[in-house]
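Hi,

Here is the structure I said I would pass on. Have a look at it first, and then read my notes below.

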Amino acid sequence: MDVEEFRVRGKEMVDYICRYMTNVGNYRVTPDIEPGYLKDLIPSVAPQEPENWDNIMDDVDKKIMPGITHWQHPRFHAYFPSGNSYPSILADMLTDAIACMGFSWPAGPACTELETIVMDWFGQAIGLPDDFITSKKCGNGGGVIETSASECVLVAMLAARNQAIEYLKKDKPSSIDSEFLPKLICYCSKEAHSCVEKAAKILLVQIKILEPDQNGSLRGETLRDAMEKDKANGLFPFFVSAILGSTASGAFDKLEEIGPICKAEPSTWLHVDAAYAGNAFICPELRIYLKGVEYIDSFNTNPNKWLLTNFDVSCLWVKCKYKLTSALVVDPLYLQHANSDETIDYRHWGISLSRRFRSLKLWFVIRRYGLSGLQKYIRNHIKLAKHFESLVREDQRFEVVNDVKLGLVCLRLKAPDDVNQTLLANINDSGKLHMIPSMVKNKYIIRFCVVAEHATQEDVEHAWRIITEFASELLSKTAVRKQMFTRPPLTRQKSNRLSFTRSVSKEIYERSRSKTNLFDGATPILVIDPDEENDTDTKPSDDVLDALTNMSTYDDDVFLKDHNDEFMIQSQSPNQVTGRM
């Protein structure tokens, strides 16, 4: 492809993207395909000769788009938002064209310096202490853009491990670092993301998962008790990962209680994972959830979740950059340069050497929207979540299980877990909505997250109508209704996939309960295989279903009325999508 063809194809691609973004609401939210669908559509070996561009795009329409889960769909309410906006897309186009590998200042001067400036902009905007801001020069802190929150947690834990080993080596200077690994132990709440456990596995350290309180918050007393017991057994607490806005329920750990406990230890690093919620702190009224931030050593949040910036932009700030870089510096001759004493080389701040020009898209987004525009976007999501919460609370069949502070509502039918699993599986199978579950207060719950940039009150009310329609269908036992509309039962495999569960034996289930079990929406929730389940307490009894069905809020006609409306057949490409679902 030469420059002239690129000019033509580039304009066509922009038009294609615009059609997709404009009409994304007219697709099924999730594709109606089965695992392995693509292997029969694409050759098993690469083409020997170049192919025509029109043929490639035809395959995109016919083979790729039918297998896309549409994260920007107004009916997508799973996980958290996947940041996306036109300024960010344009920045990525330019970044890909420049194609610099900004691992050091001479490798990319603008790439390096803009990252420092934008991280200072963002850090100040969310209310981080001046210790974390490079330009304030009141400390040794600063910020860096990593690929994901998982990498942020891993890097922070690595720095903490290095700091702890250096401390322990004071008494045993001749020891090698690995000798201290069996003594090191880190902590997080059961509400923490699974990346904390993964980081501990990678770094060969022990981890203890602590029980949160009834609101999902890790409390100081719980942490102190665990630390004291571990120290009595000869272990060395070196790292605590606290949460501000957990994946499962949007819970907030008590930093003001945890912080002093960590500071009282000789070398315990306190990290805050605020991957989703951290972006909301650009709104001054939400910084009440930052109470205790003065105690922390590092902080991460993801603009690619809730700040309209495309993946991958995960922001990490540290109070002391030297504690981070001392754990990561490897400096071969071919990467050294004359300006290293007066510039930042971000290759020393993370795992990878090569680095994309990621700060450009965050810079574009902040400038094009302004802080006021981004605040308006976040406040709208919170307002809509509170409205959705009010709708749930008005229906006596349902309960809200979390404290709704941001854009996430956790709900469930007041029925056994398997009823809620079936409800979610049926909804997801329809393609009308997409949500995921989690476990909150030892209950299987359905997470509803406001996701779309331009989400409206009608969007969340439409979602609630769909949820209640499927709930009414599930709970109805009238013969007339079954004659009028019968949904084919899902296979167990498909039901498990769509309810994000995995059936296991009682033995495996019981063993899993004694191990760490962090619910981050990515790992299936283990449930006992129905063939082995004899406990009637976990099955929906006729009394439960009768009570739910007979509640005054139940409308027997609502599902059929809406179901009779013609539902869109899945379109295969942006060129074929018309109308609105």
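On helix α3, the buried residues are P87, S88, I89, A91, D92 and T95. Those buried residues pack against two other helices, α1 (3–23) and α11 (359–394). Bear in mind as you read that this is a predicted model.

I also checked the length of α3. The helix runs over residues 86–98, and at 1.5 Å a residue its 13 residues should span 18 Å.

Next, the aromatics. How many aromatic pairs does the structure hold? The count is 16. One of them is formed by F238 and F239, and this pair is tilted, with 6.1 Å centre to centre and 35° between the planes. The cut-off for buried is under 20%.

Elsewhere, F388, F398, F448 and W464 come together as one aromatic cluster.

One last thing to look at is R447: its charged end sits over the ring of F80, at 4.9 Å from the ring centre.

Cheers

Key:
Residues numbered from 1 in each chain as written. Predicted model: local features only at pLDDT ≥ 70, side-chain atom pairs only at ≥ 80, totals over all residues. Heavy atoms only, no water. Phe/Tyr/Trp six-rings, centres within 6.5 Å; stacked < 30°, edge-to-face > 60°. Lys NZ or Arg CZ within 6 Å of the ring centre and 35° of its normal. Helix = DSSP H or I, 4+ residues; strand = E, 2+ residues; numbered from the N terminus. Expected span 1.5 Å × (residues − 1). Buried < 20%, exposed > 50% of the residue type's maximum accessible area, 1.4 Å probe, protein only. Contact = heavy atoms within 4.5 Å.
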